[in-house]
Amino acid sequence: MITLTQYGSFFTIDLNQGGTKGVPAAAQSFPNNRFTDGQGVWKFNKSGEITATALNFNFPAPESTASVTAARAGYRFRFNRTTQIVEGTFEIRTFDLTKNPLDKNVPVGKGEPFTFSFTGQRVTVSD
């Protein structure tokens with residue numbers, strides 16, 4: 001779920017946040033697949049595309065020896081006003097907690113970035 005506010009705030013939640021057990025094979029390759037909601041900012045660019053950056057924290061499975069990491073996700077998507085459908089991609093990069101995930105020069109983990117596509121539908125509140 002993606003929420004865009006009129007003031008540029010960006011919030012995401014993901015059904016895979018509980019870990020990789022039982023999720024699609026594509027999502028199982030992502031390490032530490034137990035993570036928090038993402039929060040960040042978004043903007044609408046001249047080409048009609050929405051871009052956003054969100055940060056979150058990743059937690060290893062209880063039986064793992066891996067460390068908690070921070071993550072930066074970059075989103076690019078378009079919204080079709082006629083069909084009310086949104087389509088796009090996002091890339092995720094993870095970082096050691098001692099590093100700044102907004103620094104473009106910080107090295108990322110092995111095999112990164114992880115890239116995913118998504119399709120969704122607009123949800124509105126009716127009176």
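## Pocket, sheet and salt bridges

In the second largest pocket, β5 supplies the largest share of the lining, five residues. The model described here is a predicted one.

The space in the second largest pocket comes to about 250 Å³. It is lined by 15 residues, and those closest to its centre are Ala52, Thr53, Gly74, Tyr75 and Arg76. Sorted by class, the lining of the second largest pocket holds six charged, five nonpolar and four polar residues.

The strands named above belong to a sheet. This open sheet has seven strands, arranged in the order β1-β2-β3-β4-β5-β6-β7, with antiparallel pairing. At its edges lie β1 (2-4) and β7 (114-121), each of which pairs on one side only. On average, and ignoring direction, neighbouring strands of the sheet are turned by 25° against each other.

The antiparallel strands β3 and β4 are joined by six bridges. Among the residues involved, Phe44 has Ile50 of β4 as its bridge partner.

Charged side chains form the last topic. In general, side chains of opposite charge can pair when their charged atoms come close.

| Salt bridge | N to O distance |
|---|---|
| Arg76 and Glu49 | 2.8 Å |
| Arg93 and Glu91 | 3.1 Å |

The salt bridge between Arg76 and Glu49 connects distant parts of the chain: Arg76 sits in strand β5 and Glu49 in the loop between β3 and β4, 27 residues apart. Are these two partners buried or exposed? Glu49 counts as buried because its relative accessibility is 14%, under the 20% cut-off. Arg76, at 45% relative accessibility, counts as partly exposed. Arg76 is also one of the residues closest to the centre of the second largest pocket.

In the salt bridge of Arg93 with Glu91, Arg93 has a relative accessible area of 22%, so Arg93 is partly exposed. Glu91 is partly exposed as well, with a relative accessible area of 30%.

Conventions:
Residues are numbered from 1 along each chain as its sequence is written. This is a predicted model: local features need pLDDT of at least 70, side-chain atom pairs count only at pLDDT 80 or more; totals for chains, interfaces and linings use all residues. Side-chain values use heavy atoms; hydrogens and water are left out. On a 1 Å grid over the protein atoms alone, a cavity is a set of points where a 1.4 Å probe fits but cannot get out, and a pocket is an open set with protein on both sides within 12 Å along at least five of seven lines; lining residues have an atom within 4 Å of a point. Grid points are joined across faces, edges and corners, and a volume is the space filled by probe spheres set on the points. Helices (H or I, at least four residues) and strands (E, at least two) are DSSP runs, numbered from the N terminus. Ala, Val, Leu, Ile, Met, Phe, Trp, Tyr, Cys and Pro count as nonpolar, Asp, Glu, Lys and Arg as charged, and the others, Gly among them, as polar. Two strands pair if DSSP finds at least two bridges between them. Axes are lines fitted to C-alpha atoms, for helices over the stretch in contact, and angles run from 0 to 180 degrees between N-to-C directions. A salt bridge is a side-chain nitrogen of Lys or Arg within 4 Å of a carboxyl oxygen of Asp or Glu. Buried means under 20% relative accessible area, exposed over 50%, partly exposed in between (1.4 Å probe, protein chains only).
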